[in-house]
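Colleague: Please take me through the architecture at close range, and define your terms as you go.

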Amino acid sequence: MVNIDRSVSPNEIEKQKEYMAKIRALNDAYFEDKGVRRKAFALTLGCQQNEADSERLMGMAIEMGYEKCDSPDDASLIMVNTCAIREHAEKRALSLVGQYKHVKSRNPDLIIVICGCMVVQEHRVKDIKMRYPYVDILFGPSLIYRMPEHIWSRSEGGKRIFDPDNAEYKVAEGLPVCRESSYRAWVSVMYGCNNFCSYCIVPYVRGRERSRRKEDVIAEFSELVQKGYKDITLLGQNVNSYGKDSGFDYDFADLLEQLDAIEGDYTIHFMTSHPKDATRKLIDVMSSSKHVARHFHLPLQSGSDSVLKAMNRKYDFEKYISTLDYIREKMPDVTLSSDIIVGFPGETEEDFEKTLEALSRARFDMVYSFQYSPRRGTPAAEMEEQISKEVKGERFDRLLKLQDSISLASNQVLVGKTLRVLCDGPSKNNKDVFSGRTDGGKIVFFDGELDDIGQFVDVNIEKGDTFALSGKIIRK
């Protein structure tokens with residue numbers, strides 16, 4: 001098979017590094033004159049892939065001589081990484097950008113960057129051009145590597161820059177990264193999506209599938225293990241499609257197996273899997289692995305075959321449940337999670353009842369459920385029989401009630417067992433209690449210490465609630 005190289009050329013990356021050096025020189029001169037560093041602030045909305053992208057945005061900002069800060073009021077560079085998966089996410093992004101007008105009025109030298117999925121859409125680009133004249137730079141998610149060039153141009157007095165799309169949709173390697181955590185990390189293995197589910201905007205804003213070279217993924221992953229990272233999540237809109245676009249005689253299961261062979265004390269997660277591509281080979285690799293978490297997130301979306309067909313999901317419930325059954329056969333201790341969309345256009349009461357039946361059959365530990373939100377430019381947005389807000393809300397409540405009872409039962413079964421938990425530190429709501437997550441992603445509250453942060457601890461579970469577990473650390 002002929003391998004197809006989808007990487008941005010090394011010359012282009014070197015050019016961007018030259019721009020980083022030029023901007024650093026400007027910022028170093030500012031520091032020498034003023035005695036303070038210019039600062040950069042990043043706001044991330046949306047999925048884990050956006051979080052991973054923002055770590056590269058901040059990595060480039062630091063390489064350009066900015067200092068990371070936690071407030072837009074203190075920043076000389078604001079980077080807003082947007083999401084387009086639901087209308088609410090876009091409205092929130094625009095509302096927050098609207099607040100930065102006052103920040104810009106106090107600091108005319110401030111550079112405001114908007115990037116991410118939202119700004120690939122033509123109507124949003126026009127909207128930002130007209131209504132947000134204080135926004136300096138706009139670019140799509142496949143062009144984050146060009147941010148240094150755009151900042152240099154703007155800082156030198158150039159016009160506002162609108163660079164929303166890249167028809168080639170290549171992969172940029174070698175960008176600096178500023179990771180949010182010292183023990184949890186994201187590693188993107190591929191970008192884009194070819195599935196075109198009728199409700200989803202992702203293929204239109206992130207482009208077609210393109211896989212990173214396995215050598216680049218393995219090198220990044222190995223470095224994280226060497227640095228002591230404990231939880232590493234492999235990312236892709238559909239990780240199961242890894243390699244299919246590039247002519248690799250090598251798939252996601254092969255990659256997972258090779259990463260698992262790297263020595264160290266760590267756990268591998270991955271997301272997201274599409275049910276039509278979740279192979280028995282992948283499940284077999286997971287079940288025999290040393291480091292891959294016994295956690296499978298497999299979005300169902302609906303229990304109705306007619307709705308699944310309208311969604312263009314390319315599987316029916318029987319195929320889905322047979323995959324789930326095989327996962328449980330090979331990994332009896334697996335944690336299973338899923339996504340459900342309530343109120344898809346044309347969903348009848350009978351269709352929704354089938355989704356409730358599917359939840360009762362599947363017995364997911366966790367479900368991420370959403371009321372259908374029309375996305376402009378997708379086929380589902382133009383479908384007849386749009387479901388009313390009231391009906392969607394009523395069905396959503398019923399679904400939550402059922403799933404809460406299932407989640408509670410699955411957590412109560414764990415009482416008395418000892419689970420390995422990665423400690424995140426004091427709980428946000430109670431500083432006297434520590435929290436962390438199991439390999440299956442379940443939240444656990446326990447009696448931790450500061451030295452436990454970023455470490456695996458064994459917790460004996462004493463209580464199982466709907467959304468979390470509680471217990472005590474077993475000290476060796």
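Modeller: Two strands pair if DSSP finds at least two bridges between them. Helices (H or I, at least four residues) and strands (E, at least two) are DSSP runs, numbered from the N terminus. This is a predicted model: local features need pLDDT of at least 70, side-chain atom pairs count only at pLDDT 80 or more, and totals for chains, interfaces and linings use all residues. Residues are numbered from 1 along each chain as its sequence is written, and side-chain values use heavy atoms, without hydrogens or water.

Look at one pair: β16 (residues 434–438) runs antiparallel to β17 (residues 443–446), over 4 bridges. Within that pair, Ser435 has Phe445 of β17 as its bridge partner.

Now the helices. The axes (lines fitted to C-alpha atoms over the stretch in contact, angles from 0 to 180 degrees between N-to-C directions) of α12 (residues 349–362) and α13 (residues 389–412) come within 10 Å and cross at roughly 10°. So α12 is roughly parallel to α13 (angles under 35 degrees). On the α12 side, the contact (heavy atoms within 4.5 Å) includes Phe352, Leu356 and Leu359. The α13 side includes Leu399, Leu402 and Ile406.

Last, Ser54 in helix α2 (residues 48–63). Ser54 counts as buried because its relative accessibility is 7% (buried means under 20% relative accessible area, 1.4 Å probe, protein chains only). Leaving aside neighbours within four places in sequence, Ser54 touches Thr44 and Asn81.

How values were computed
Parallel < 35°, antiparallel > 145°, perpendicular 65-115°, else oblique. Buried < 20%, exposed > 50% of the residue type's maximum accessible area, 1.4 Å probe, protein only.
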